[in-house]
Amino acid sequence: MTTDINGTALAVFIFFFVLVTVMGFVASRWRKPETLAHIDEWGLGGRNFGTWITWFLVGGDFYTAYTVIAVPALVYTVGAYGFFALPYTIVVYPFVFMVMPVLWKRAKDFGYVTAADVVHGQYGSRGLELAVAATGVIATMPYIALQLVGMTAVLKALGLHGELPLAIAFIVLALYTYSAGLRAPALIAFVKDIMIYIVVIAAVALIPSKLGGYANVFASADAAFQAKGSGSLLLGGNQYVAYATLAFGSALAAFMYPHTLTGIFASNSGKTIRKNAIMLPAYTLLLGLLALLGYMGHAANLKLDSANDVVPTLFRTLFSGWFSGFAFAAIAIGALVPAAVMSIGAANLFTRNFWKAYVDPKVGDAGEAKVAKVTSLVVKVGALLVIIFLPTQFALDLQLLGGIWILQTLPALVFGLYTNWFRAPALLAGWFVGFCGGTFLVWDAGWKPLHLISLGGEPFTVYTGLLALAANIGVAVVINALLPAKVPARA
């Protein structure tokens, strides 16, 4: 479907994109430290972000551009099942409230920058540290690429085709992230989140009035699902267990990712993290309203090349040029913030847990910061090349695996905060079984993250990540019990 360029929408889009670009470069002077040539300053903002900055930053890199595009697209395609993101982003916050302040204190007390730093400090194992670091990097790469998928959908709706506009956007992102580090996405997140709130509230208030009200929206969606023979407004069949386990597993995995942990480590106190665990569900309310746009796509009788086009096409069809340009800018900026934080998180892992551990153990603070800056550029370029030269489905498949992979780092990272019983060899063996076993189950199911289980009664479907995590923990417990007892150190 070819889209003509709307001059007004494009002008508004460019204005806001330039605005956040300027803010990105100005960020290097915002809360300016003595030097940015230190990974604590460049990669963690000096560990000095308060409640509101953390709220916008974590919200900005947790609720991403791809979320804005993909959640309504999933609801448009399958209906009620697509709402799993709501309980997932509610269940996660009690976990954040209880665990993340403890993790933050461990990192703050010992100067740890990454999850793998924490694991190495706890267990003294380079092998387990490398497993956690490598998992974080490879799980993050497709996540960054999918932000480009969200931005591509917006550029397509603006009438901009080809790779050049996308490349320009990410080059600009790379430059100001290199210059200002985590301060750039933290500052831009203020603008991005306010814009997204305005867009979503306006959409759910105004679009139904143009489509005959919410009764017609739900009736149209129900009729569309019945006509194609799949999808529904309510869960049915064996979807209940799949829905619940997918939500729960996704919640456990969410704050294992390097980008979400970067926001946690950048906070100035455990109290700040607890306040955010209370306040961040406001974004879940926003996500629920956003998901309804999927149903509205049916009521509007949109002609789409892809379900990912539902949100941009709704705005382009039902709103004036200036507001659709504003909405597209909000979504595009929503790609820049998480992509920046993700690349910084991956760069921190590479610098601390590969470069410093194996290449240059004596590297100084300035050297660490330089390696992290260069790595962040390489990560962004790699994500851009994946989208340009490989099928989008490749990034989608990797992202499905990424959630399962990153979940396997939870025992090594979290258990050591509360007990010294586990040993590194047992946790490494558990990680290996969970990582490889989860990958095999996804491949065996045709690259779907759900696995059918039959225990004699009616079969049911379970999220593969939880099955892999259960195997991970079970293997770790058994091997740990079989290992020789620790020899106490002499006084």
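In this predicted model, helix α17 passes helix α18 in a right-handed crossing. The contact is made on the α17 side by Ser343, Ala346, Ala347, Asn348, Phe350, Thr351, Arg352, Trp355 and Lys356, and on the α18 side by Glu368, Val371, Ala372, Thr375, Ser376, Val379 and Lys380. Sorted by class, the residues joining α17 with α18 comprise seven nonpolar, five polar and four charged ones. The axes of the two helices come within 8 Å and cross at roughly 125 degrees, and α17 and α18 are therefore oblique to each other, since an angle counts as roughly antiparallel over 145 degrees and as roughly perpendicular from 65 to 115 degrees.

Helix α18 covers residues 365-389, and at 1.5 Å a residue its 25 residues should span 36 Å, which agrees with the 36 Å that separates its end C-alpha atoms. Its buried residues are Glu368, Ala369, Val371, Ala372, Lys373, Thr375, Ser376, Val379, Lys380, Ala383, Leu384 and Ile387. An α-helix has 3.6 residues a turn, so residues three or four places apart point the same way.

Helix α17 (residues 321-359) also packs against helix α16 (residues 310-318), at an angle of about 160 degrees and with the axes 8 Å apart. That angle makes α16 roughly antiparallel to α17, and α16 passes α17 in a right-handed crossing. Here Val311, Pro312, Phe315 and Arg316 of α16 meet Phe323, Ser324, Ala327, Phe328 and Ile331 of α17, a set that divides into seven nonpolar residues, one polar and one charged.

| Helix pair | Axis angle | Axis distance |
|---|---|---|
| α16 and α17 | about 160 degrees | 8 Å |
| α17 and α18 | roughly 125 degrees | within 8 Å |

Glycine 438 has its place in helix α21 (residues 424-444) and is buried, with a relative accessible area of 0%. Not counting residues up to four places away in sequence, glycine 438 touches Ile404, Val433, Thr464 and Ala468. Tryptophan 405 lies 33 residues from glycine 438 in sequence, while the C-alpha atoms of the two are 7.5 Å apart in space.

Threonine 272 belongs to helix α13 (residues 270-279) and, at 4% relative accessibility, counts as buried, because the term applies under 20% relative accessible area. Leaving aside neighbours within four places in sequence, threonine 272 is in contact with Phe49, Gly50, Thr51, Thr54 and Ser267.

Key
Residues numbered from 1 in each chain as written. Predicted model: local features only at pLDDT ≥ 70, side-chain atom pairs only at ≥ 80, totals over all residues. Heavy atoms only, no water. Helix = DSSP H or I, 4+ residues; strand = E, 2+ residues; numbered from the N terminus. Expected span 1.5 Å × (residues − 1). Buried < 20%, exposed > 50% of the residue type's maximum accessible area, 1.4 Å probe, protein only. Axes fitted to C-alpha atoms, helices over the stretch in contact; angles between N-to-C directions. Parallel < 35°, antiparallel > 145°, perpendicular 65-115°, else oblique. Left-handed = near helix turned anticlockwise from the far one by under 90°. Contact = heavy atoms within 4.5 Å. Nonpolar A, V, L, I, M, F, W, Y, C, P; charged D, E, K, R; others polar.
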